[in-house]
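Hello,

Here is the structure you asked about. Please open it first, then read my notes below.

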Amino acid sequence: MSVTRINLIIKGLFAAPFHFLKRPYYKLNNGITVVPSLEGLRNEMRASGYFTASCKSLTVMSFRLLFLLPAGLPVYSQGDSQSDNKVMDNITVRQGETVLLSCSQGDVVTHSAWLNRSSIMYAGEDKWSVDPRVSLVTLNQDEFTIKIENVDMTDEGQYICAVQTRSRATTTSVHVIVQVPPKITSLSKDVVVNEGSNVSLVCSATGKPDPTVSWKIISPAAQSLTSEDEFLEIPSVSRQRAGTYECTAMNDVATDVQTVELTVNYAPTVSDGKDVGVTLGQQGVLQCEADAVPPPDFEWYRDDRRIFNGFDGIEIEDSGALSKLTFFNVSEGDYGNYTCVAINKLGSANTSIVLFEVIEPTSSTLLQGPGAVQDGNSASRAGHTSTCLLVLLALQLLLKF
């Protein structure tokens, strides 16, 4: 029966030989059981009754036994002093970047390896990691350096560099911290509410370190509303609070920004109408302006009769918040009072506009110059003045005789 024997010094005592048994663990004669997790180690063994370990497997098992022993159980090389354990400062790297792991070598190095969570990444020049992002940078008598590209959160944790010389074993450990830029993962959708409703906006983000989340209104710029929290509450919202709201997630790595549109619906309000004077036969335009969300529909009325576009040569043109009623050739029958009504789903409002006649000056009135007869009242006042003059002249004649 062929077996492979390895002798180690554990706590200064000579350990009995242990055997590779044909099962997924290794049993030492003194009762210690070592359960490997490296799949590559099993692949290096071939089954022929009992497993026969290659030289490469023996090297790996030596390092695994070195680091799988219980804490506080130091390892000694036969006939020499205890191993050295060093701890380097933490390495902080951002997600997606490259991290270099380096440790110093010594004279007459017999074995060296980089391990992560008890898994061997490199044993000397031999790569044991199946991760294509891991590669060897430098291996000489001065340093042993590997690199991990495109670092992710799964790469965070402790890494150990183990170096075995003829005289001692040295381990150097370092903890890699991976920072992740913030990412907004949950955000309220665009909101449409009626005026007076309560509004709640939510913004959640992930990242490492944990990001801070804040809200602010960015349009219209005249408004001022902020929140240093994931939630933004707006009780009894008014139309002035409508606009674009910005959520910002920030940590030491970067910043993520997204926006939400808040639309506030309200019933129409109509500006006071301005009466319009037009000369007979000329063009006249009545205008009606309303403020409403959603934008209003307009209706025009003459007394109780609704006016439609194209009726009796009249044109109605609506453009957003403005409606125009145009008369291309004003007639006597067009003069009068008109009503504009603005309507949306929340209500309506109206205003009245008068179309009145403007009389053009005639040649006789122009000869009389400025201040001549302009209307019936002016003419009657002029006639009354002439009558008084005639009476005064008659009285003077009678007094002479």
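T326 lies in strand β30, residues 322-327. Keep in mind that this is a predicted model. T326 has 9% relative accessibility, so it counts as buried. What does T326 touch, leaving aside its neighbours within four places in sequence? Its contacts are Q283, G284, V285, G313, I314 and E315.

E315 also turns up on the surface. There, D297, E315, E317 and D318 gather in a patch of negative charge. Strand β29, residues 314-319, gives the largest share of that patch, with three residues. E317 is found in strand β29. E317 counts as partly exposed because its relative accessibility is 45%.

Next, the salt bridges. Side chains of opposite charge can pair when their charged atoms come close. How many salt bridges are there? The count comes to seven.

One of them joins the side chains of D155 and R133, at 2.7 Å from N to O. This pair links distant parts of the chain, 22 residues apart. D155 is in the loop between β15 (143-148) and β16 (157-165). R133 is in the loop between β13 (126-127) and β14 (134-139). Are these two buried or exposed? D155 has a relative accessible area of 9%, so it is buried. R133 counts as buried too, at 19%. The cut-off for buried is under 20%. D155 and R133 also belong to a network of salt bridges that includes D131.

A second bridge pairs E246 with K216. Their closest N and O atoms are 3.9 Å apart. E246 is buried, with a relative accessible area of 16%. K216 counts as partly exposed, at 38%.

Another bridge runs between E149 and K147, again with 3.9 Å between the closest N and O atoms. E149 is partly exposed, at 35%. K147 is partly exposed as well, at 26%.

Last, look at Q223. Where does Q223 lie? It is in the loop between β20 (212-219) and β21 (226-227). Q223 counts as partly exposed because its relative accessibility is 23%. Not counting residues up to four places away in sequence, Q223 touches I217, Q240 and R241. The C-alpha atoms of Q223 and A242 are separated by 9.5 Å, and these two are 19 residues apart along the chain.

Best wishes

Note on methods
Residues numbered from 1 in each chain as written. Predicted model: local features only at pLDDT ≥ 70, side-chain atom pairs only at ≥ 80, totals over all residues. Heavy atoms only, no water. Patch = residues over 30% accessible without salt bridge, like charges linked within 9 Å, V, L, I, M, F, W, Y side chains within 5 Å. Areas by Shrake-Rupley, 256 points an atom, 1.4 Å probe, with all protein chains shown as cover. Salt bridge = Lys/Arg side-chain N within 4 Å of Asp/Glu carboxyl O. Lys, Arg positive; Asp, Glu negative; His and termini not counted. Charge placed at Lys NZ, Arg CZ, Asp CG, Glu CD. Helix = DSSP H or I, 4+ residues; strand = E, 2+ residues; numbered from the N terminus. Buried < 20%, exposed > 50% of the residue type's maximum accessible area, 1.4 Å probe, protein only. Contact = heavy atoms within 4.5 Å.
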